[in-house]
Amino acid sequence: MQNTDYGFVKVSAATPKIKVADVEYNGAVIREKIEEAYRAGVKLLVLPELCVTGYTCSDLFWQSAMLEAAKEEVIKTAAYAGEYEMLILLGLPYELNGKLYNVAAVLYKGRILGLVPKKYLPNYSEFYEARHFSPGFEKTILVEIDGYPVPMGTNLLFRRKEQPDFTVAAEICEDLWIPDPPSISHAMAGATVIANLSASDEVTGKAYYRRDLVAGQSARLVCAYIYADAGEGESSTDLVFSAHNIIAENGTVLAESKRFHNETVCSDIDLERMKNERRRMTTYRSSDREDYTMVSFSMGGDSVNGSEYRLERYVDNMPFVPKDRLKREERCDEILMLQSMGLKKRLEHTKAASAVVGISGGLDSTLALLVTARAFDMLGKDRKEILAVTMPGFGTTGRTYDNAVTMINKIGATLLEIPISDAVTRHFEAIGHEESVHDVTYENVQARQRTLYLMNLANQYNGFVVGTGDLSELVLGWATYNGDHMSMYGVNSSIPKTLVRHLVRYYADTCRDEVLRKVLLDVLDTPVSPELLPPGENGEIAQKTEDLVGPYELHDFFMYYVLRLGYEPEKIYFLARKAFHGMYEAPVILKWLKTFYRRFFSQQFKRSCLPDGPKVGTVAVSPRGDLRMPSDACASLWLRRLEELEE
């Protein structure tokens, strides 16, 4: 395994329990936090605003003795961390040309790399910063500290030479709360990580606003945002501080402290994700701005002796399915509405008198029927105008047949049964295929026969065929070309298989019909199968899709990171081993990842002529929208890299 961090960097926001105006004491507890972060493998540590002196010093900021002591304590702290491969940001008051500035000092390996002054000074309500400080300036100047020049100004970027995606900028507390925060221009100039050194006092309800503000800014700027807040030791006179530390990435809060506990939070931020997201978004404006100064630093890697990055961040093994039950139910209801509204529009536009749905008793056709029923309800149309067709063949089992019939009747659609075995047998005779040969021809003739019936019934009943295939099948090409691959509107075309299950379960839990509920739950418990091969001796399903193509939970995971985030195969393999630890062994994951890439590339020709279908999530494969991919692209580059992992 090659030495790599896969684009991850471990970051931390920490709140030392300081004493107001006790600079020497504060320096000691700050160094304790630095030592703690170093032992945890942190590469970027952010500490609160003015933590060297305390934010609530008020007129003590005019005391020269305290100002000089603060500067000396920062020099001492930089020297203390001289051997540490860690970027450290901490706050202090700094005097320049007779003016006082509230600054973030950026330390690395014994040096002060830069000073970033606070630009916007609150002077309302409980805040009187303009009494003591001057607003920060954008133009970078050089100041002398401990005998060497240090750049100072708001427009400073700190970039790791070995990993240019690791580019840090700073803003201080109120800078974030204004209409045009400095972090906007920082990000446009190339910053992927924004550090906010804050002393935000606590009042009722403010924590929710603060959390949303940090998460929202990280989403808007497609960046990581590390917010370090003043805490218990800072509380004085009329103000209480809660140490509300937050680490967010592209709209998601990765770590958040328990307030009023001076808790340190750590997380792994994904720099590659930010880079790839910005590259994908053509509206994300960026430029090499001449008014910014780049400060480079060289930092050693996190992987040594061939070992991989020690990822502590949680990796969800079902990225399409919210873990929280309430959020999941809300998401399911929203998706069902999107599917139904899309189908409703198509029914209205085509003036269709009916909708034709092939019902197998499996998950996908079940969801398609439920969505169709909901669309008919929206239109005020009788569900009897839904023609639900069950077409038993060589592989149909009693379980799936009974479930299909019961479900159709409970939904209130019109049931039509057309056995296909005789027609398929005649087709075999016509093309000279032995019925005893259970090959791909044996299977696909059945799938195409069913589609032929559905299409012709749609003509006969002045309707159109509602497709049942889901996103996972489309990505893998697990559909018969001009068979179940084709329809007149594919309501499930952007629903991954792992999410289909939850949509059906949500419907079962909310339908208020006990018979229908039991049928839907049994559908959920039925193995995924096209039922194209004869059943086993006990009448059970003999052909299980996941035994052939691989577990859908793995493929949906791969799909998310390949299509949504554009990650390299090595990183996807690394994340999958983390997400599915204890569920799948590494060789199994690698085997199916190779299968995913092979099928994804080789089956694009099927996706190039997909029917219309509603987009409901951030991953979709419509050739008219999200995936404009040549049908004859080669997978060799990706497969070669996976083979190297295997070796």
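Contact here means heavy atoms within 4.5 Å. Axes are lines fitted to C-alpha atoms, for helices over the stretch in contact, and angles run from 0 to 180 degrees between N-to-C directions. Helices (H or I, at least four residues) and strands (E, at least two) are DSSP runs, numbered from the N terminus.

Now the ground rules. This is a predicted model, with residues numbered from 1 along each chain as its sequence is written. Local features need pLDDT of at least 70, side-chain atom pairs count only at pLDDT 80 or more, totals for chains, interfaces and linings use all residues, and side-chain values use heavy atoms, with hydrogens and water left out.

Start with the whole chain. It has 20 helices and 20 strands. The C-alpha atoms fill a box of roughly 100 × 55 × 45 Å, taken along the principal axes. Of the 647 residues, 56% count as buried. Buried means under 20% relative accessible area, exposed means over 50%, and partly exposed is in between, using a 1.4 Å probe and protein chains only. Take contacts between residues at least 6 apart in sequence: 73% of them join residues at least 24 apart.

On to the first sheet. Two strands pair if DSSP finds at least two bridges between them. Strands of a sheet pair through backbone hydrogen bonds, either parallel or antiparallel. This sheet is open, with seven strands in the order S13-S12-S11-S10-S9-S8-S15 and mixed pairing. Strand S13 (252-256) and strand S15 (293-297) are at the edges. Each has a single partner strand, so one side of each has no neighbour in the sheet. From one strand to the next, the twist averages 20°.

Look at one pair. Strand S9 (residues 163-172) and strand S10 (residues 193-198) run parallel over five bridges. There, Val168 stands opposite Val193 in S10.

Which helices pack here? Helix H5 (residues 206-221) touches strand S11 (224-229), strand S12 (246-249) and S13. The direction of H5 makes about 35° with that of S12. Helix H6 (residues 271-280) lies across S9, S10, S11 and S12, and runs at about 90° to S9.

Five strands, open, order S18-S17-S16-S19-S20, parallel pairing. Strand S18 (414-417) and strand S20 (489-490) are the edge strands, each pairing on one side only. Strand S19 (residues 463-467) pairs with S20 in the parallel sense over two bridges. Val466 stands opposite Tyr489 in S20.

Helix H8 packs on this sheet, touching strand S16 (354-358), strand S17 (386-390) and S19. The direction of H8 makes about 165° with that of S16. Helix H9 (residues 398-411) lies across S17 and S18, at about 150° to S18.

Next, the cores. A nonpolar core is a set of buried Ala, Val, Leu, Ile, Met, Phe, Trp, Tyr and Cys residues joined through side-chain atoms within 4.5 Å. The largest one has 89 residues. Which members touch the most others? Leu343, Leu369, Phe557, Phe558, Tyr561 and Leu575. Helix H8 (residues 363-379) gives the most to this core, with nine residues. Leaving out residues up to four places away in sequence, Leu575 touches Phe8, Leu311, Val315, Phe557, Tyr561 and Tyr567. There is a second, separate core of 54 residues, which includes Val116, Ala215, Ala224 and Val295.

Helix H10 (residues 421-431) and helix H11 (residues 440-460) pack at about 120°, with their axes 10 Å apart. H10 and H11 are therefore oblique to each other. For the cut-offs: under 35 degrees counts as roughly parallel, over 145 as roughly antiparallel, 65 to 115 as roughly perpendicular, and the rest as oblique. On the H10 side, the contact residues include His427 and Phe428. On the H11 side, they include Tyr442 and Tyr453.

Last, two single residues. Is Lys344 buried or exposed? Buried, with a relative accessible area of 17%. Lys344 is in helix H7 (residues 325-350). Setting aside neighbours within four places in sequence, Lys344 is in contact with Ala375, Met378 and Leu379.

Met488 lies in the loop between helix H12 (471-476) and S20. Met488 is partly exposed, with a relative accessible area of 28%. Beyond residues up to four places away in sequence, Met488 touches Arg346, Met455, Ala458, Gly463, Phe464 and Val465. The C-alpha atoms of Met488 and Leu452 are separated by 13 Å, with the two residues 36 apart along the chain.
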